[in-house]
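Dear colleague,

Please find the structure below, handed over for your own work.

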Amino acid sequence: MIKYLVMDVDGTLTDGKIYMGNDGEMMKAFSIKDGCGICDILIPLGIIPVIITGRESNILLNRCREIGITEIYQGVSNKIDKLLLITDDLASVAYVGDDINDLSIMKLIKRSGGIIGCPADAAKAVKECADFISVMNGGDGAVREYIEWIVNNYI
């Protein structure tokens, strides 16, 4: 039974582009479809959405507040250590990420019986690890598609 959906942000919930000005990060684009999937499908089913990301962003905090994500961990260099503080039952974890910095946590979750998803434009090595590859790119509804696949296959 899936209890957690753990998500990377840049390239997964966003298109991976970071718009920066003189004062730092200015904008990120998030898909309404992903937000609806998290807020209106995932959370009502009792699946806890969790963000674990290496970057720090007030923009992300605002988006999470908007769609009901309360488990937000930013500036994390070791995603495995952070996840193991949240749960030691990795078979109950679905993870979605897009790049090589996600591989170590993805492989551990998969070996432990959890499931792995990625956007269509994920790195080749990530796609090779994934149980589900969205037809959508990161930031274009890939997370929503993964959520629907989880619901149809694991709930």
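Predicted model: local features only at pLDDT ≥ 70, side-chain atom pairs only at ≥ 80, totals over all residues.

Residues are numbered from 1 along each chain as its sequence is written, and side-chain values use heavy atoms, with hydrogens and water left out.

Helices and strands are DSSP runs numbered from the N terminus (helices H or I, at least four residues; strands E, at least two). Axes are lines fitted to C-alpha atoms, for helices over the stretch in contact, and angles run from 0 to 180 degrees between N-to-C directions.

**Helix packing**

Helix α1 (residues 32-42) and helix α6 (residues 142-154) have axes that come within 7 Å and cross at roughly 30°. That makes α1 roughly parallel to α6 (angles under 35 degrees count as roughly parallel, over 145 as roughly antiparallel, 65 to 115 as roughly perpendicular and the rest as oblique). On the α1 side, K33, D34, C36, G37, I38, I41 and L42 meet A142, V143, R144, I147, E148 and V151 of α6, where contact means heavy atoms within 4.5 Å. The residues of this contact divide into eight nonpolar, one polar and four charged (Ala, Val, Leu, Ile, Met, Phe, Trp, Tyr, Cys and Pro count as nonpolar, Asp, Glu, Lys and Arg as charged, and the others, Gly among them, as polar).

Helix α3 (residues 79-86) packs with helix α4 (residues 103-111) at an angle of about 45°, their axes being 9 Å apart. That makes α3 oblique to α4. Here K79, I80 and L83 in α3 meet S104, I105, L108 and I109 in α4. This contact has five nonpolar, one polar and one charged residues.

S57 sits in the loop between β4 (48-52) and α2 (58-67). S57 is buried, with a relative accessible area of 6% (buried means under 20%, exposed over 50%, partly exposed in between, with a 1.4 Å probe and protein chains only). A polar atom of the S57 side chain lies 3.1 Å from the backbone nitrogen of I59. Beyond its neighbours within four places in sequence, S57 is in contact with E25, K28 and Q74.

E25 belongs to strand β3 (residues 24-27) and, at 22% relative accessibility, counts as partly exposed. With neighbours within four places in sequence left aside, E25 is in contact with I18, Y19, M20, R55, E56, S57 and I59.

Yours sincerely

How values were computed. Polar contact = N/O pair within 3.5 Å; in protein donor to acceptor, adjacent residues only side chain to side chain.
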